[in-house]
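Subject: Structure for your review

Hello,

Here is the structure I said I would pass on. My notes on it follow below.

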Amino acid sequence: MALGCVSRSAFKNGFRVENLLFPGFRKMSSNQSKPKKTTQLKNMLNSKELEFIMEAHNGLSARIVEEAGFKGIWGSGLSISAQLGVRDSNEASWTQVVDVMEFMSDATTIPILLDADTGYGNFNNARRLVRKLEDRGVAGACLEDKLFPKTNSLLDGRAQPLADIEEFALKIKACKDSQTDPDFCIVARVEAFIAGWGLDEALKRAEAYRNAGADAILMHSKKSDPSDIEAFMKAWNNQGPVVIVPTKYYQTPTQHFRDMGVSMVIWANHNLRASITAIQETTATIYKDQSLVAIENNVASVKEVFRLQRDSELVKAEDVYLPQK
């Protein structure tokens with residue numbers, strides 16, 4: 001079967017040849033009603049309802065996030081670096097991060113917003129990153145206004161030097177000027193509160209980044225209460241979409257975020273943390289017991305692994321593309 005004939009010869013044994021494509025690369029012709037991933041993310045950021053995206057760090061966790069019902073995925077820098085076994089200090093190169101994002105995008109049909117740290121360098125690095133993310137079907141990038149290499153925002157007692165406001169605003173402009181898809185989203189992450197500055201600095205930075213073209217502002221805080229976010233939202237006065245990451249102020253009722261006018265909540269690292277706990281407990285039990293008896297009924301079956309890998313698609317594809325005996 002010639003590749004150019006795929007769209008015309010559609011079926012064999014009830015299997016649509018279009019479905020051979022990975023979910024992230026399916027053509028719009030197979031689902032005309034579903035917008036592009038970039039458009040989906042932009043619509044979420046501009047929605048009148050509070051939206052949620054969930055952390056994932058590889059293709060498998062991304063697929064699980066989509067199956068759970070989430071409309072979008074957070075490609076967490078902390079989680080991606082941790083699953084690679086390195087620190088969240090740009091020890092994983094941007095190309096290694098993009099490789100992970102490619103697997104995540106291939107595995108899913110919902111948009112991914114990448115935690116792109118500082119853009120991995122100056123404006124030139126950041127705009128090149130945007131082009132590479134677009135090539136891989138990633139819907140957006142979130143850039144933080146700190147210096148390269150980045151320091152994780154939740155580390156205690158570490159210096160958190162901020163980028164020059166004008167330099168970072170121009171980096172955002174470079175990214176927006178470089179994108180080829182008008183719906184690709186750049187989220188500007190303001191680290192003023194993280195670095196110990198007050199509301200005036202946070203507001204000044206947010207306004208500059210919004211004016212430079214950012215599609216949304218991520219306002220970050222590591223307080224155990226939402227007072228930083230409350231103060232910012234009141235002063236911001238609905239100038240544009242605001243994203244938050246309530247990792248530290250997790251006890252705040254979600255309805256409060258709605259009442260403040262927040263646009264999107266990121267559940268930022270919990271799949272990684274859950275997997276660490278599960279792996280530690282499983283490994284320790286097997287080591288202690290020298291047996292699988294206590295484990296087998298408490299972990300996913302091998303059949304479930306095959307299902308998540310979509311082995312059934314390969315079986316159908318073999319029926320189409322391998323000679324039948």
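I217 is in contact with V187, A188, V190, A206, Y209, R210, F232, W236, P241, V242 and V243, leaving aside its neighbours within four places in sequence. I217 is also one of the residues that touch the most other members of the largest nonpolar core, a set of 56 residues.

The average pLDDT of the protein chain is 91, and 90% of the residues score at least 70. Over residues 1–18, however, the pLDDT is below 50, and this stretch has 23 contacts in the model beyond near neighbours in sequence. Residues 25–30 also stay under 50 in pLDDT, and here the model has 9 contacts beyond four places in sequence. Where pLDDT is low, the predicted coordinates should not be read in detail.

A235 is placed in helix 8, which covers residues 227–236. Not counting residues up to four places away in sequence, A235 touches L199 and L203. A235 and L199 are 36 residues apart along the chain, and their C-alpha atoms are separated by 8.5 Å. Is A235 buried, exposed or partly exposed? Its relative accessibility is 31%, so A235 counts as partly exposed.

E201 lies in helix 7, residues 199–211. The relative accessibility of E201 is 11%, and E201 therefore counts as buried, because the limit for buried is under 20%. With residues up to four places away in sequence left out, E201 touches I165 and A192.

The last item is on the surface. V302, V305 and F306 form a nonpolar patch there, and together they have about 260 Å² of accessible area. Within this patch, V305 is found in helix 11, which runs over residues 302–308. V305 has a relative accessible area of 38% and so is partly exposed.

Regards

Notes:
Residues numbered from 1 in each chain as written. Predicted model: local features only at pLDDT ≥ 70, side-chain atom pairs only at ≥ 80, totals over all residues. Heavy atoms only, no water. Helix = DSSP H or I, 4+ residues; strand = E, 2+ residues; numbered from the N terminus. Buried < 20%, exposed > 50% of the residue type's maximum accessible area, 1.4 Å probe, protein only. Contact = heavy atoms within 4.5 Å. Core = buried A, V, L, I, M, F, W, Y, C linked by side-chain atoms within 4.5 Å. Patch = residues over 30% accessible without salt bridge, like charges linked within 9 Å, V, L, I, M, F, W, Y side chains within 5 Å. Areas by Shrake-Rupley, 256 points an atom, 1.4 Å probe, with all protein chains shown as cover. Salt bridge = Lys/Arg side-chain N within 4 Å of Asp/Glu carboxyl O. pLDDT = per-residue confidence, 0-100.
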